Amino acid sequence: MENKNDSITRQEEDFAQWYTDVCRKAELMDYSSVKGFIIYRPYGYAIWEQIQAYLDHEFKEVGVENVYMPLVIPQSLFDREKEHVEGFAPECLVATQGGPNVLDDKLIIRPTSETLFCEHYAKIIKSYRDLPKQYNQWCSVVRWEKTTRPFLRGSEFLWQEGHTMYETSEEARQDALRMLEIYDSLGRDVLAIPFVKGIKTDKEKFAGAEETYSIEALMPDGKALQSGTTHYFGNGFSRAFGIQYQSRSGKLENPYQTSWGVSTRLLGSIIMVHGDDNGLVLPPKVAPIQVVIIPVAQKVPGVLDKAREYKEMLKKAGIRVKLDDSDHTPGWKYAEYEMKGVPVRLEVGPRDIENKVVVLAKRNTGEKKTVNESDILTTVTSLFSEIHKEMYQKAFNYLLEHTTEVHSLDELKAALDKGGYAKMMWCGDEACENKIKELYQATARCLPFDEMSFGDTCPVCGKKADKVVFFAKAY
RNA sequence: CGGGAUGUAGCGUAGCUUGGUAUCGCGUCUCAUUUGGGAUGAGAAGGUCGCAGGUUCAAAUCCUGUCAUCCCGACCA
């Protein structure tokens, strides 16, 4: 029997409610008593740890070093780069008192740490020999948001922020593109999410940046989710912060800078892109539990022993495995681990033991098969890559089906109503972006790389257009 | 920040119009029987009704404020 409080809202019925239900019932998070500050529960945090492990390794492969900067930024420091201040001031949480004393120089709880990195870089970069610098920190930041949703938009969220300095603008721009490539590989190889990669319009770029690149994911409700950004700053900040070094020719120069980050918003992408009416569906690479073993008739002598034996075997092979020997019925456990999105379920009962087999079930398709005991390890391993491919392909097909070429405002509207990206030729004028936002609440997500021109007229103003841009409603 | 809705046990709820110290289901705990898709029976524990004021002999219920959550806008990553 299905109980109302054990099940989740169907996606079709109310997608937003479905999302909230999954977040809570899969035990990814809980609310705290302060708006927008959530508790990352062990199961949710463990997914983040898998993402961290992958990225941290990739970062270090290209020479990035981890550091940790202070939580607070003096107002006087924060105010040094004008555009940056204007971009972030409205959403800063500010500490005005320390102990009994009112602070003269207020302390901003970091919404991002460009200014802190710049101040530090100004002290340690003296010579071209000190370059490049590629620092990263894993931390949380605070932005005083008006509307909050678990993982998608929080007052506090976890992220990594990389900040680099290079001698030349070309090196810095290459860095921004290289890091975007790493983010893209995270989607492709780890999260099974096909991102659209591209450059942001001037209107949408980061406060203080010369160029912003992003990876955009498409959600099943047709809205786009910016899932990571990299920024090329030129040397604007380094001039504002007095970062100077003596170049190879002996002159004083300002280095060129980038920053780049992804956040726990990625958990929101994973939940929505892959989830279904039974709950989470996790890609094997980030699943905190990759295989759950469900013993059937576990009180029958030998069943639990066999289950433990399989658990040890899988664990030794480096697979994240859990044996659930609680008193719940097998049916309850099936539903529970489906809710939690565990990619592979292994069932073992007296019948199986007699036949020296187990049943393996895939979460993403529900498909079950019986395999010989001796083939468990190889089958599980191949199931992981099979599941990853299927999940990626499914998301990719959805992306293709919801990317619509449009040649007029009417077609643009139709594409947005259908959900997904409206792919359009654009003249480059911000007025056209503003008009689309005003009419349809959609924004330019990015100018994707690798897109061929398919016309030469901007459907908004009718002027000459040579850029391909993706518009969508966004989270 | 505007408009709307909602806060009663871990979860979902009844009660509020018409004031009298809280209903039911799930879950939890104990025991027994069970176990291949959310088991059954018996017994038990668990709530200062989001928080703070006010009205009243008496407030979950009426009034004011405030906090949080959800939805729709605006804004922003």
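1. Ala444 stands opposite Phe471 in β23. Strands β22 (residues 443-448) and β23 (residues 467-472) are antiparallel and share three bridges. Pairing here requires at least two bridges found by DSSP between two strands. Helices (H or I, at least four residues) and strands (E, at least two) are DSSP runs, numbered from the N terminus.

2. **Ground rules.** This is a predicted model, in which local features need pLDDT of at least 70 and side-chain atom pairs count only at pLDDT 80 or more, while totals for chains, interfaces and linings use all residues. Residues are numbered from 1 along each chain as its sequence is written, and chains are lettered from A and ligands numbered from 1 in the order in which they are written.

3. **Confidence.** Mean pLDDT (the predictor's confidence in each residue, from 0 to 100) is 94 for chain A, and 99% of the residues score at least 70. Residues 1-5 are below 50, and this stretch has one contact in the model beyond near neighbours in sequence. A contact means C-beta atoms, placed from the backbone, within 7 Å of each other. Where pLDDT is low, predicted coordinates should not be read in detail. The model has an ipTM of 0.88 and a pTM of 0.95.

4. Axes are lines fitted to C-alpha atoms, for helices over the stretch in contact; angles run from 0 to 180 degrees between N-to-C directions.

5. **Around β8.** β7 and β8 run antiparallel, joined by ten bridges. Ser140 has Leu158 in β8 as its bridge partner. On β14, β8 pairs in the antiparallel sense over eight bridges. There, Thr164 stands opposite Thr258 in β14. Nine of the eleven residues of β8 are buried, so β8 is largely enclosed by the rest of the structure. Buried means 20 or more other C-beta atoms within 10 Å of a residue's own; exposed means 12 or fewer, and partly exposed lies in between, with C-beta atoms placed from the backbone.

6. **The five-stranded sheet.** This open sheet has mixed pairing and runs β16-β15-β17-β18-β19. β16 (321-323) and β19 (368-372) are the edges; each has a single partner strand, so one side of each is left without a neighbour in the sheet. The twist from one strand to the next averages 25°. β15 (residues 291-295) and β16 run parallel over three bridges. Val292 has Lys322 in β16 as its bridge partner. Helix α9 (residues 303-316) lies across β15, β16, β17 (344-348) and β18, at about 170° to β15. Helix α10 also packs on the sheet, touching β15 and β17, and its direction makes about 170° with that of β15.

7. **The surface near RNA strand B.** Near means a C-beta atom, placed from the backbone, within 6 Å of the molecule or strand. Of the 50 residues around RNA strand B, Ala16, Lys299, Gly331, Glu347 and Gly349 come nearest. The largest share, eight residues, comes from α10. α1 (15-25), α10 (330-339), α11 (350-355) and β18 (357-362) each supply at least two residues. The surface divides into 16 nonpolar, 16 polar and 18 charged residues. Nonpolar covers Ala, Val, Leu, Ile, Met, Phe, Trp, Tyr, Cys and Pro; charged covers Asp, Glu, Lys and Arg; the others, Gly among them, are polar.

8. **Ser169.** Ser169 belongs to helix α6 (residues 169-191). Ser169 counts as partly exposed because 16 C-beta neighbours lie inside 10 Å. Not counting residues up to four places away in sequence, Ser169 touches Gly234 and Tyr256. From Val359, Ser169 is 190 residues apart in sequence and 57 Å apart in space, C-alpha to C-alpha.

9. **Backbone points to check.** The peptide bond joining Leu131 and Pro132 is cis, with omega about -5°. Pro132 sits in the loop between α5 and β7. Ala297, not a glycine, has a positive phi of about 50°. Ala297 is in the loop between β15 and α9, and counts as exposed because it has 11 C-beta neighbours inside 10 Å. Asp450 also has a positive phi, near 60°. Asp450 lies in the loop between β22 and β23, and its 8 C-beta neighbours inside 10 Å make it exposed.

Terms used: Contact = placed C-beta atoms within 7 Å.
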